[in-house]
Amino acid sequence: MIRASGLGKSFGAVAALEGVSFEARPGEVLGFLGPNGAGKTTTMRILTGFLEATCGKVEVCGIDLAVDSKAARARIGYLPESVPLYGEMRVAEYLAYRAALKGVPRRERRARCEEACAQVGIRDVERRIIGQLSKGYRQRVGLADALLHRPEVLILDEPTDGLDPNQRREVLKLVAELGKERTVVLSTHILPEVEQVCGRVVILDRGRVIAEGKPAELARSELVLRVTARGLAAELEAAVKAIDGVTSVRGETAGDDFVLTVECARDVREAIARAVVQAGQLRELRPASLGLEEVFARLTGRGA
Ligand SMILES: Nc1ncnc2c1ncn2[C@@H]1O[C@H](COP(=O)(O)OP(=O)(O)OP(=O)(O)O)[C@@H](O)[C@H]1O
Ligand SMILES: [Mg+2]
């Protein structure tokens, strides 16, 4: 549905994006993850045709954005980082105005607005002034706006930003619902959200894609192993530490067993198994599951 290849964007001397490539497939919610300044918004603005890439190519449903930007944009609904709502307008009024801007024929506007409001659960506030709505509801108005022209792809830039936990949960539920029939690309830096709604994740850092995969796959790093053994703790630990490629070993006693958490620079499972068998008794050796949070911190070199 979306294919970005080799996207680059420079703002003067600042390279905001370098060689960003990824795909959003039909019917998936793709998470765009990255710390502040990683390039999430820049990428989304390029995908939606608001910003021109310095290099690279974007295809939306097979349409090259550079060749037919109008047709490509017609297939995308965009919720920008800060939704530019007119606070003094009523919801229905605002959406009718937006529908007109998007070229929805006059006769259909009313029905489209009602449809979009129903999709995001705001039929009950259609007559209210936007500025008097809660932030969660304002966010839904933004989502309704993005849905007015019935796009096949939704691009949502931090849709839960600034919402309280209840509103956040509601909006995520809505995103999951919308994602059933559409392709959704969603950016956030809140990791549990990603695990909740995204089938796949692209992690951006400093303008580059540094990892991609299913949240569960990313959270299962081959480079952290949990070794359960019996024997003399000090000997087991020393034996594993001596292996070339092992970067750290943390040991703890668990009943009769000794459990080693081993970080390594590459797959050294066999060497570990051999060393443990020589120093004691190997009971189990498996990749440790890291939280997505920890994977993210490691990959982006920040935090824990
Ligand atoms: N219009 C602009 N002019 C100059 N630099 C820009 C502009 N827009 C973005 N940048 C720079 O590009 C980089 C990426 O910014 P971007 O807004 O895409 O990050 P982000 O991942 O969306 O971050 P956040 O999580 O804070 O929203 C940053 O270094 C930013 O300062
Ligand atoms: Mg941003």
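Predicted model: local features only at pLDDT ≥ 70, side-chain atom pairs only at ≥ 80, totals over all residues.
Local features here need pLDDT of at least 70 and side-chain atom pairs count only at pLDDT 80 or more, while totals for chains, interfaces and linings use all residues. Residues are numbered from 1 along each chain as its sequence is written, chains are lettered from A and ligands numbered from 1 in the order in which they are written, and side-chain values use heavy atoms, with hydrogens and water left out.

**View 1. Helix 1 (residues 40–47) is mostly covered.** Helices are DSSP runs (H or I, at least four residues), numbered from the N terminus. After the helix comes G49, with a positive phi near 75 degrees.

**View 2. Helix 4 (residues 106–120) has the length you'd expect.** Take 1.5 Å times one less than the number of residues, and the 15 residues of helix 4 should span 21 Å; the end C-alpha atoms sit 22 Å apart, which agrees. Look for R109, R112, C113, A116, C117 and V120, which are buried in this helix. Their cover includes helix 3 (91–101), helix 5 (135–147) and helix 6 (165–178). Just past helix 4, G121 has a positive phi of about 70 degrees.

**View 3. Helix 4 packs against helix 5 at about 130 degrees.** Their axes, which are lines fitted to C-alpha atoms over the stretch in contact, with angles from 0 to 180 degrees between N-to-C directions, are 9 Å apart. That angle makes helix 4 oblique to helix 5; oblique is whatever is left once under 35 degrees counts as roughly parallel, over 145 as roughly antiparallel and 65 to 115 as roughly perpendicular. On one side are A116, C117, Q119 and V120 of helix 4, meeting R140, L143, A144 and L147 of helix 5 (contact means heavy atoms within 4.5 Å). These contact residues split into 6 nonpolar, 1 polar and 1 charged. Ala, Val, Leu, Ile, Met, Phe, Trp, Tyr, Cys and Pro count as nonpolar, Asp, Glu, Lys and Arg as charged, and the others, Gly among them, as polar.

**View 4. Helix 9 (residues 233–241) meets helix 10 (residues 269–279).** Here the axes come within 9 Å and cross at roughly 150 degrees, so helix 9 and helix 10 are roughly antiparallel. Helix 9 supplies E235, L236, A239 and V240 to the contact, and helix 10 supplies I272, A275, V276 and A279. By type, that contact has 7 nonpolar residues, no polar ones and 1 charged.

Notes:
Helix = DSSP H or I, 4+ residues; strand = E, 2+ residues; numbered from the N terminus. Buried < 20%, exposed > 50% of the residue type's maximum accessible area, 1.4 Å probe, protein only.
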